[in-house]
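Please examine the sequence and the structure before reading the points below.

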Amino acid sequence: MLLGTHTPKLDDKGRVILPAKFRDDLGSGVVITRGQERCLYVFSTAEFERVYERIREAPLTNKQARDFQRMFLSGASAEKPDSQNRITIPPPLRTYASLGRELVVTGVGAHAEIWDADAWNAYAEGNEDSYSDMEQEVIPGLF
């Protein structure tokens, strides 16, 4: 399970060091793709395969499903960490997420997210109060 918030830097070659706590889950290979809110999703190869199997089940006759499949899969890139545990983020994905040098990598359970630090800070600030004030269950049966 990927948890926590980390603040690595993006180097000049578009590489980021995987947080040490994530290396057991992600060290053998990852798939990076477009996420919502202009972040990047990072899946282990095995988890991405599970997600892909669910995506494949969506009917081709559903336009929203086709649109989602196109955006999610066309941006996906399989990457292998190098000997220093760095993964390369391809230029189109760096552009999509407006990544600068300062990053935030968050663990979100089965996947990680990579954010530009300023974008993450704005997102967190804008959502902190609504998270604290939630009156109904967003995930039924959780509490």
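Tyr 131 counts as exposed, at 62% relative accessibility (exposed means over 50% relative accessible area, buried under 20%, partly exposed in between, with a 1.4 Å probe and protein chains only). The model is predicted: local features need pLDDT of at least 70 and side-chain atom pairs pLDDT 80 or more, while totals for chains, interfaces and linings use all residues. Residues are numbered from 1 along each chain as its sequence is written, and side-chain values use heavy atoms, without hydrogens and water.

**Nonpolar core**
- The largest nonpolar core has 20 residues (a core is a set of buried Ala, Val, Leu, Ile, Met, Phe, Trp, Tyr and Cys residues joined through side-chain atoms within 4.5 Å).
- Ile 32, Leu 40, Ile 89, Leu 99 and Ile 114 have the most contacts inside this core (contact means heavy atoms within 4.5 Å).
- Apart from this core lies another, of eleven residues, including Phe 48 and Trp 115.

**Salt bridges**
- A search of the whole structure finds seven salt bridges (a side-chain nitrogen of Lys or Arg within 4 Å of a carboxyl oxygen of Asp or Glu).
- Lys 9 and Glu 102 form one of them, at 2.8 Å from N to O.
- This pair links distant parts of the chain, 93 residues apart.
- Lys 9 is partly exposed, with a relative accessible area of 43%, and Glu 102 is partly exposed at 39%.
- Glu 47 and Arg 50 meet in a salt bridge of 2.9 Å, N to O, and Glu 47 is buried, at 17%.
- Lys 63, Asp 67 and Arg 70 are linked in a network of salt bridges.

How values were computed:
Helix = DSSP H or I, 4+ residues; strand = E, 2+ residues; numbered from the N terminus.
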